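Here is a brisk report on one model. It covers the core, a sheet and a helix pair.

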Protein chains: 2
Amino acid sequence: MLKRYFPILEWAPQYNRETLGNDLVAAVIVTIMLIPQSLAYALLAGLPAEVGLYASIAPLVIYAVFGTSRALAVGPVAVASLMTAAAAGNLAAQGTPEYYGAAIALAMISGLMLTLMGILRLGFLANFLSHPVISGFITASGIIIATAQLKHIFGIGASGHNLYELATSIYEHIGEVNYYTLAIGVSATAFLFWVRKRFKPLLLKWGVKPKLADVLAKTGPVLAVAATTLVTFGFGLADKGVKIVGEIPQGLPTPRIPSFDPELWGQIAIPALLIAIVGYVETISVAQTLAAKRRQRIDPDQELIALGTANIGSAISGGFPVTGGFSRSVVNFDAGAQTPAAGAFTAVGIALATLFLTPLLHYLPKATLAGTIIVAVLSLIDLGALKRTWSYSKGDFAAMLATILVTLGFGVELGISAGVGLSIFLHLYRSSRPHSAIVGQVPGTEHFRNVDRHEVIVTPEIFSIRIDESLYFANARFLEDLINDAVAANPDIEHVILMCSAVNFIDASALESLEAINNRLRDAGIKLHLSEVKGPVMDRLKRSHFLDELNGRVFLTQYDAIRAINPRAAERAVSAERNSASG
Amino acid sequence: MLKRYFPILEWAPQYNRETLGNDLVAAVIVTIMLIPQSLAYALLAGLPAEVGLYASIAPLVIYAVFGTSRALAVGPVAVASLMTAAAAGNLAAQGTPEYYGAAIALAMISGLMLTLMGILRLGFLANFLSHPVISGFITASGIIIATAQLKHIFGIGASGHNLYELATSIYEHIGEVNYYTLAIGVSATAFLFWVRKRFKPLLLKWGVKPKLADVLAKTGPVLAVAATTLVTFGFGLADKGVKIVGEIPQGLPTPRIPSFDPELWGQIAIPALLIAIVGYVETISVAQTLAAKRRQRIDPDQELIALGTANIGSAISGGFPVTGGFSRSVVNFDAGAQTPAAGAFTAVGIALATLFLTPLLHYLPKATLAGTIIVAVLSLIDLGALKRTWSYSKGDFAAMLATILVTLGFGVELGISAGVGLSIFLHLYRSSRPHSAIVGQVPGTEHFRNVDRHEVIVTPEIFSIRIDESLYFANARFLEDLINDAVAANPDIEHVILMCSAVNFIDASALESLEAINNRLRDAGIKLHLSEVKGPVMDRLKRSHFLDELNGRVFLTQYDAIRAINPRAAERAVSAERNSASG
């Protein structure tokens, strides 16, 4: 029981020198990768650079205690940072204490929500985000993020909550471009692209082992940071208008529980929920993918608690919302992390950096961080998914496209809400017209098949219909219409048999529809029968009055039903093929 | 084609003297019933009495042209009137031109929405209102309406948008009670109850034919109106504080197209949509029930157009939202209405009443109308449904109870929205954990059944799972978790077979989950196979890359799969029982 809520008790007792060695190596590599990322995502969230470092300490330690994934690396990520900027930017101007307070509150509330969802085992809520919606949302977020970073590359002031505002704002300010900044930004970005695309193949050609090459390729951002910081410092570019990170307070944050502000919390509850769910979906899919590689198990409900407490920890230590990052977790895994302790060691690394390295980052140009972000998010943009989804399912394509367009045009919160709404709508629409078939008897057998697809025998006074879906409110009326129309069109019908072989559930709405159908058929002098009702469905029907009022009977099989109603026709059908086969 | 949109072309050519006679009788009876109802529901909607009459003329004529039901009687009804009062009351005070304008705009917008939904064939939208939600909503509305009428019975001023506000307001003003009004109100209500419960049995005892007794029992309100009007006039009670209907403008309304006011329309779009959908659901269920009795057909999409144009007609002639009323339609049907012409004749009757009878209604006490409303709506309150739903389905019970409580506590709009939201949520929750079974081979056969329910044969290296629902975004993750857990728990597993006999659809989310499962199993050295994939599902899968990347195979039947993977085990299972049967 205790192990369920504290997975650390599972692995800590078996911890030995070998796992320690592996975890330490992974931690060093992830730390090197995480320092520039932390600073960059803080910049993206509109927060001071040190906040990114704060968000990379406590959450990692907490995840090591509560997390069930052995390799997941939590911390600031691009999409959650953008969502933070959007939500906090609605309430206050960047740089104000209110803005920072809103970012902390977002981490706190989404952390509390996730923890509560975990305790109540509400992980299924994340299912409401369909894959096309998430994919579209991440693509659109990537486009917005990359566009927003252009102002740092150009060294101009620009702002906006959607693509149009951003693009026009950049266009208006383009005259104010600072060429030193542009030179640094473009060369850093180009270098990072080169590292990403060409450096690993080059290393492999030089005979470097693949795993090491992978890891070395991830050091690109650190090299870019070091080089551009040195250049900016050496040539005094800060005095020539190149925006730098500047003074970063040295030392660790003092833990402080965010005060409860009902007005503020009310205003950011919805964005906090969206950040929580988007972050959780990302986290769980990364964790499951990595766990499966080593045949390990993830507990999705415990992951809610782990991610939730990690966010609460981030808020208490002055950080902003955190999530399990994809590329970072893969690096951690590939570098050999065996247990979540690797995350705790990474936290120690970031803490040491916060204590001792921050003075070195004083002259780091913001343009370099912008380049880091651009290169990172361009890999998130997957427009090919639009084409793949189009060819697979038009409905899913519509949900994806709507999510992308609304996110680009009206911002992240409306974008994701529109996508979720449309997914649910399309699902209900689809299941409101379930697949159904009028069935007849296959000659020579006791089987029944679709009259449109098979040569089957039907008798005019019997209308047998099979619905291939559970009956519930969205399709209850469909069934009513179907039977009403059939009965109105065929005056010969005396019996309607509803074949329930594919019905796993009948909700109260569908029960009332069945009652209405039964009453209407009775008024028209027609009997309603059921056949092949599954055990759990029958148990439930027995708890209602429907079976008492049913004006026909319930049969175990469709053949039993036909035989009871018209014995001669049923037996003639069974012998039909047999005779012709023997003759 | 023309007949589809103008069902009048269907029946008008066959119109003869006999149908005319039947329709005229029905029209007279419905007119007598409709006059007090129209006035009462206008009062309930917070509108001048004549508006109720206006809403009972043009809509009936229009429905006769566009409607597909032969017996439906449209006009003002209780629930729509309450919803009108709630929506208009949010924008202006009762008695102001703005309030009346809002009521007209509600009819106009809901009419346009319904007509558009009909043209676009969006009738399935009404499915989103599950039966428990409608039932709970109508019950709660009935309670609110009955409570709100108490102020007219007591002759006091009181107001409120929810049960609590209403009850406290009535309690505060109870000292101002007017005893003349109370006497009229209580005796009218008691009389109407008596007519409803005891008059028909009495008539039957006197030897009156059942149908005629039914009709006579419906004349109660007219008697109550006549008697209390005479008393009020004769004793000059209006001067003693009894509130009367007063001056009703004589003459028909001048048609006027409501002007388009973007601000107003924006404010009432949501309430108008709710009125439209609630009204449509009520209309269609009444229409279908009556049509089935005579084996006639209703076109649900055309009914949208008919109800929509009827509402537009109501708006243009100065009326408020109308709906197909249940009791009125039943009276129309029982009185022998053969075609929608009966409705048009009723409209003539109401028009004549508006022209010539309104002076007689001057001294009609509002308390009598309140009594009419109370007696009418108490039949809508069905608290027994709560008990029935509880015993059938806890989830549906929760949706019903939530709808009732939120409607009573926070008003009609929030109530119905909460019910719809909860129904959809519960449905998604239910289908996020679909029924699934690990299956094994039934000895002596090629059939496969649930290992928990049957004596079946399984081999440790093969994990066969059957999901009894279509795969889509709400349950895609469930499948991932299920297979991940099984594989992590059973190190012997080398093959996973997904038996798709109950899968009618795989959406893009589930496809990605299958791809993720396939990749994870491949990483763990396990093969993923599919069996019994239905034709349409297979066609769709072929449009994706999944089948190319599948690390196992697709088998026509589950038995084929087992035989291909482990021929000896499969054949041993088939011969198992056979041997024991022959031995």
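## Nonpolar core

The largest nonpolar core has 393 residues. A78(A), A103(A), L106(A), A78(B), A103(B) and L106(B) have the most contacts inside it. Such a core joins buried Ala, Val, Leu, Ile, Met, Phe, Trp, Tyr and Cys residues through C-beta atoms within 7 Å; buried means 20 or more other C-beta atoms within 10 Å.

L106(A) touches T84(A), A87(A), A88(A), I268(A), P271(A), A272(A), I275(A), F320(A) and P321(A), leaving out residues up to four places away in sequence. Contact means C-beta atoms, placed from the backbone, within 7 Å.

## Basis of the model

This is a predicted model: local features need pLDDT of at least 70, side-chain atom pairs count only at pLDDT 80 or more, and totals for chains, interfaces and linings use all residues. Residues are numbered from 1 along each chain as its sequence is written, with chains lettered from A and ligands numbered from 1 in the order in which they are written.

## Sheet in chain B

Chain B holds an open sheet of 6 strands, ordered β4-β3-β5-β6-β7-β8, with mixed pairing. Its edge strands are β4 (448-450) and β8 (554-555). Pairing requires at least two DSSP bridges. In chain B, β5 (462-467) and β6 (495-499) pair in the parallel sense over 5 bridges. I465(B) has L498(B) as its bridge partner in β6(B).

## Helix pair in chain B

Helices α8 (131-154) and α10 (179-205) of chain B pack at about 125 degrees, axes 7 Å apart.

Notes:
Buried ≥ 20, exposed ≤ 12 C-beta atoms within 10 Å, placed from the backbone. Contact = placed C-beta atoms within 7 Å. Helix = DSSP H or I, 4+ residues; strand = E, 2+ residues; numbered from the N terminus. Axes fitted to C-alpha atoms, helices over the stretch in contact; angles between N-to-C directions.
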